[in-house]
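Here is a short briefing to read alongside the structure. Take a look at the chain first, then come back for the details.

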Amino acid sequence: MTDHGHAPAEHDEGEEPGRTTAPMQAFSMGQVTTGFLVLAVGLAVVFGLPLLL
(Lines give C-alpha, C1' and ligand atoms only; values in the text may rest on other atoms or scores of the structure.)
Protein backbone atom coordinates (compact mmCIF):
# COMPACT_ATOMS: atom_id res chain seq x y z
CA MET A 1 0.00 0.00 0.00
CA THR A 2 1.09 3.56 -0.44
CA ASP A 3 2.02 5.78 2.46
CA HIS A 4 -0.14 8.91 2.66
CA GLY A 5 1.76 10.54 5.50
CA HIS A 6 -0.06 9.04 8.46
CA ALA A 7 -1.04 5.67 9.81
CA PRO A 8 -4.76 4.72 9.89
CA ALA A 9 -4.62 4.64 13.71
CA GLU A 10 -3.91 8.40 13.71
CA HIS A 11 -7.33 9.25 12.20
CA ASP A 12 -9.09 11.98 14.19
CA GLU A 13 -12.68 11.25 15.17
CA GLY A 14 -13.98 14.62 13.91
CA GLU A 15 -12.12 14.49 10.60
CA GLU A 16 -14.10 13.81 7.43
CA PRO A 17 -12.81 10.80 5.46
CA GLY A 18 -11.09 11.55 2.16
CA ARG A 19 -12.71 8.64 0.34
CA THR A 20 -16.02 6.84 0.61
CA THR A 21 -17.15 3.55 -0.83
CA ALA A 22 -19.77 3.38 -3.58
CA PRO A 23 -22.71 2.11 -1.46
CA MET A 24 -22.33 5.20 0.74
CA GLN A 25 -22.66 7.64 -2.16
CA ALA A 26 -25.92 8.94 -3.58
CA PHE A 27 -26.87 8.12 -7.17
CA SER A 28 -29.34 9.66 -9.59
CA MET A 29 -32.30 8.12 -11.38
CA GLY A 30 -30.36 8.46 -14.63
CA GLN A 31 -27.68 6.19 -13.22
CA VAL A 32 -30.35 3.70 -12.10
CA THR A 33 -31.89 3.73 -15.58
CA THR A 34 -28.50 3.19 -17.20
CA GLY A 35 -27.84 0.27 -14.86
CA PHE A 36 -31.13 -1.40 -15.69
CA LEU A 37 -30.54 -0.93 -19.43
CA VAL A 38 -27.10 -2.53 -19.14
CA LEU A 39 -28.66 -5.37 -17.13
CA ALA A 40 -31.39 -5.90 -19.75
CA VAL A 41 -28.89 -5.98 -22.64
CA GLY A 42 -26.63 -8.35 -20.71
CA LEU A 43 -29.48 -10.72 -19.91
CA ALA A 44 -30.66 -10.62 -23.52
CA VAL A 45 -27.18 -11.54 -24.74
CA VAL A 46 -26.60 -14.25 -22.16
CA PHE A 47 -30.02 -15.93 -22.31
CA GLY A 48 -31.73 -14.61 -25.47
CA LEU A 49 -29.07 -15.44 -28.06
CA PRO A 50 -28.63 -19.09 -26.97
CA LEU A 51 -32.40 -19.61 -27.02
CA LEU A 52 -32.61 -18.22 -30.54
CA LEU A 53 -29.80 -20.43 -31.79
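The points below cover the fold, the helix geometry and the surface.

This is a predicted model, in which local features need pLDDT of at least 70, side-chain atom pairs count only at pLDDT 80 or more, and totals for chains, interfaces and linings use all residues. Residues are numbered from 1 along each chain as its sequence is written, and side-chain values use heavy atoms, leaving out hydrogens and water.

**Fold and annotation**
- The protein chain has 1 helix and 0 strands, taken as DSSP runs numbered from the N terminus (helices H or I, at least four residues; strands E, at least two).
- An unreviewed UniProt entry lists residues 32-52 as "transmembrane region", and such annotations may be inferred rather than shown by experiment.
- That stretch, residues 32-52, is 100% helix and 0% strand, with end C-alpha atoms 29 Å apart.

**Helix geometry**
- Helix 1 has a kink of about 35° centred on Val-45, where the bend is the angle between axes fitted to the seven residues ending there and the seven starting there.

**Surface**
- Of the 53 residues in the protein chain, 0% count as buried (under 20% relative accessible area; exposed is over 50%, partly exposed in between; 1.4 Å probe, protein chains only).
- The protein chain exposes about 5,300 Å², with carbon and sulfur atoms supplying 68% of it (Shrake-Rupley method).
- Phe-36 is found in helix 1 (residues 29-52), and Phe-36 is exposed, with a relative accessible area of 56%.

Key:
Accessible areas come from the Shrake-Rupley method with a 1.4 Å probe; for residues, only the protein chains shown count as cover.
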